[in-house]
Amino acid sequence: MRKKQGIKMFLEPEKMSRVEIEFPQQYINEVTQTLVRSGHFQIEDSSALNMRKTSEFDDEMQERYSQYGRLETDILAVMKQLDIKPGKMPEIEPEVIENPEEILQELEAVRVELGKMDQRTEEIRKTLENGKRFLNIMEPFKDLDIEFGAIRNRRYIYSILGIIPTEKIERFKQSFARIPFVLLELSQEGPNTIVLLIGNKIQQDFLIRTARSAYLNSLDLPDEYHGTPAQIVAQTQAEMDKGTQELETLRKDIEALRKKQADLLVDRYWRVRMSRTVSEITNRFGRLTHDLLVVGWVPQDYSARFQKTLADISPDIIVDVTEENELEEGQKPPVALHHTKPVEGFQKLVTTYSTPNYQEIDPTILLLLTFPILFGAMFGDVGQGLFLALVGALLFSGKVSKLRGLSKLGPVVVLCGVSAAIFGFIYGSVFGFEELIKPLWRHPIEDIMGILILTFAGGALLLSIANILALVNDARRKDWAHMIFSGKGVAGLVLYWSLLGLLITSLTKVISLPKGLLIALALIAVVMIMSTGFMERLLERKRPLFEGGFLVYFIQSFFELFEALIGFLSNSLSYVRVGAFAVAHAGLSQVIMILAEMVGPNKGAGFWIVIVLGNLFIIGFEGMIVSIQTLRLEYYEFFSKFFSGGGTRYKPLGFLSSSK
C-alpha cells in the first residue's frame, strides 16, 4: 500500500476512483480473490441489486459462507485444545477450499482421537481428585489397627466408625441410656475423638439421628475396601500412582498428536479463513440477470494497474472507472488515513470525534502539534511530566498485558508528558517544589493576569489557523461564496483580526494600529457576512436572490452575524482556561506542600509520604481533568471551525479485512 505521511498527506489527501466491475458468474472465485489480494479495493455493498427471478445462487453462497464460518470455529476449538497458535498469515496466500467436506473429514478424525484422550484424561483426573479427598478423610484413622471387615454392619448389629468432638461424648452417651449400645473411644485427635458405636440393627435409624445431632461424622467405606485403614490407604495410594502414570502417558500422547497435526491444522485454518473471507465478499455482489456486479473504490494512482489485473483474467470482465472530478452528486469517496504507529493515537482521538470528509483536511497532524502544547501549558511540572512520559512509554511498549488495548495512546501520553516537563522548566516546578530550579519565565501564581493574557493570545492564534484551514476546505469544495463572504470565510477572518486589533490598540500602548482602518475593515467584513446568502444564490444563479423576501433575509443575516461575533468572543475566552488551569495546578501543588509541612515539619517520613501521595493524586486526578479540558478545546473550539467530519474511512479488502 502506498502511504502518504506528514505535511503532504495533511494538505493533499489520497485521490480515489470509483470502480464498477461486471463479470460472468463463472469467474466469481478469480475476481473475488483478485479483489482480496490487491490490497487496494474497498467494496461497497451492492447486494440490494438483484435482477434474478430465482435465489438459488444467493442460497448457495449464504450456505457456503455459513459452512466456512462453522468450520473455522471448529478448527479453532481443536487448535485451542492442542495449544496450537495460528501464527501470522502465510507468505504464500492460502487457496480457497472448493470442497469443505474434505477438510471436515480431516478435522473429525483429529477431533475423535483427541476426544478419546481428553475423555480418559478427565476420568483419571476425577479419580485422582476423589482419591485425594478419600485420603484426607482416612487421615485420622490410618493408625487404627482395626479390620474393616470385622466392623461392617451385620444381620443383627449396626456400627458407626467416625469422629466426634470430645466434649460431646458424655451427652452422646446419655442419649443412648434406654437402648443397648457400645461406644469405644479408639484414639484422640486434638479436640476430637475417634469412636466406634455399636448397637442393635433394629435401632439403626435412631443411632444415625442421634449420631448426627452429636456432630459425629461417620466414615462410610464401600464394600470393595478391605483390611485395616493403613492397608486401605496404601491400596488407594497405589491406584493414584497408577492413574498419575497413565495421565503422564496421555499427556505425551496428546503432545505427539499436537506435533503431528500442528502444520495440517494451521494450514487448514488459514485456508478456511481465506475461503470465509472470499465467501463473505461475494455476498456483497450485485446480481444482474446473467452477470455479477461489484462496486467499490481504488486509489487513483493504482487504477490502471488494477484494471489490467482484471483484464488478464478474462476479456469478458468489464471495468468502468469514474475519476474524482466525474463523480455524481452523493458519491462520496472514502478517506485514506495512513499514519505511522506513533501517530495512530492522535488519529484515534480525531476519529472519535468524526472521520474526516473526503474534501476536508485531516486534523491528525494538527492535533499532534497542539494537543501536547495545550496539555503541557495547563500541567507544567518537570517531575510529573517525566513521570507521565514514562507511563506513556510503558503503555506503548505493550509489556503490561492488561493495558495493551491502550497501547496506541502511549505516544499521546509520552508527548503530553514531555510537553508538561518543558513547561515545568518554564514555570520552575519539579514535583511541586518551586525552589529547586529557576523558572525560564515565572511561576504562574506570581503573574496570573500575565498568563491569562498570554493564553488568550495563543487561543487567538489557534482560532486564526482554524479559520484559514476552513478557507482551504472551501477552496477544495469550490464553494467560493462561502469561502469569501461567510463568517467562517475571508470576511469572518478579517472581522476577527480587526476586532483583535482594536482590542490590542485600546488596552496597550506598546502596539499602536490605525483605528480608522480597523473600523473600516470591520464594517466591510460585516457587510460581506450579511450578504453571504445573496452572493451564494447569485453565483449559483438561483432566484429569487433574497429567499423569503428582503426583510426575512435581513433578519437571518443579522442573527448569523451576531452568532459569528458571539462565537469569536466565546471561543477566544475559552482558551483563557489554559492559563486558569496552569494557575490552579500551581495552587494545588502549594496545597500539597503545606499539608506535607504540617504532617512532617522536620521533613521526616510523614513529609515525604504526603509529597508522594499528593503528586500521585495530581498526576492521576488533575491529569485526567486537564486531558478532558484539552480535548474540549480541540473538539469544540478548534475542530468546529474547519472540520465537519461525516466521512467514510478507506478500508481496502484484504485477507484479514473481514476477520472475526
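Reader: Let's say a nonpolar core is a set of buried Ala, Val, Leu, Ile, Met, Phe, Trp, Tyr and Cys residues joined through side-chain atoms within 4.5 Å. Which residues have the most contacts inside the largest one?

Author: Those are F379, F638, F639 and F642, in a core of 55 residues. "Buried" means under 20% relative accessible area, "exposed" over 50%, and "partly exposed" in between, with a 1.4 Å probe and protein chains only. Bear in mind that this is a predicted model, where local features need pLDDT of at least 70, side-chain atom pairs count only at pLDDT 80 or more, and totals for chains, interfaces and linings use all residues. Residues are numbered from 1 along each chain as its sequence is written, and side-chain values use heavy atoms, leaving out hydrogens and water.

Reader: Thanks! Which helix gives the most to that core?

Author: Helix α21, residues 605-642, with 11 residues. Helices here are DSSP runs (H or I, at least four residues; strands are E, at least two), numbered from the N terminus.

Reader: And what is F639 in contact with, leaving aside its neighbours within four places in sequence?

Author: V350, Y353, P363, L367 and E634, where contact means heavy atoms within 4.5 Å. There is also a second, separate core of 51 residues, and I97, L135, M274 and V321 are among them.

Reader: Switching to rings: how many aromatic pairs does the structure hold?

Author: It holds 20. Rings of Phe, Tyr and Trp (its six-membered ring) pair if their centres lie within 6.5 Å; planes under 30 degrees apart are stacked, over 60 edge-to-face, and the rest tilted. Take Y302 and F306: their centres are 5.9 Å apart and their planes at 45 degrees, so this pair is tilted. Both Y302 and F306 are buried.

Reader: Why is the F607 and W608 pair edge-to-face?

Author: Because their planes are at 85 degrees, with the ring centres 5.0 Å apart. F607 is buried at 1% relative accessibility, while W608 is partly exposed at 42%.

Reader: Which residues do ring pairs link into a cluster?

Author: Y353, Y635, Y636, F638, F639, F642 and F643. You have met F638, F639 and F642 already, in the largest core.

Reader: New topic: where are the salt bridges?

Author: A search of the whole structure finds 19, each being a side-chain nitrogen of Lys or Arg within 4 Å of a carboxyl oxygen of Asp or Glu. One of them joins E72 and R276 at 2.4 Å, N to O. That pair links distant parts of the chain, 204 residues apart, with E72 in helix α3 (residues 56-81) and R276 in helix α8 (residues 229-282).

Reader: Are E72 and R276 buried or exposed?

Author: Both E72 and R276 are buried. By contrast, D83 and K85, which meet in a salt bridge of 4.0 Å, N to O, are exposed, with D83 at 52% and K85 at 63%. Shared partners also join E72, R276, E280 and R284 into one salt-bridge network.

Reader: Last one: which residues make the nonpolar surface patch of about 830 Å²?

Author: F550, L551, F554, I555, F558, F559, F562 and I566. Patch residues have over 30% relative accessible area and no salt bridge; nonpolar side chains (Val, Leu, Ile, Met, Phe, Trp, Tyr) are joined within 5 Å, like charges within 9 Å. Areas come from the Shrake-Rupley method with a 1.4 Å probe, and for residues only the protein chains shown count as cover. F562 is in helix α19, residues 550-574, and is partly exposed at 44%.
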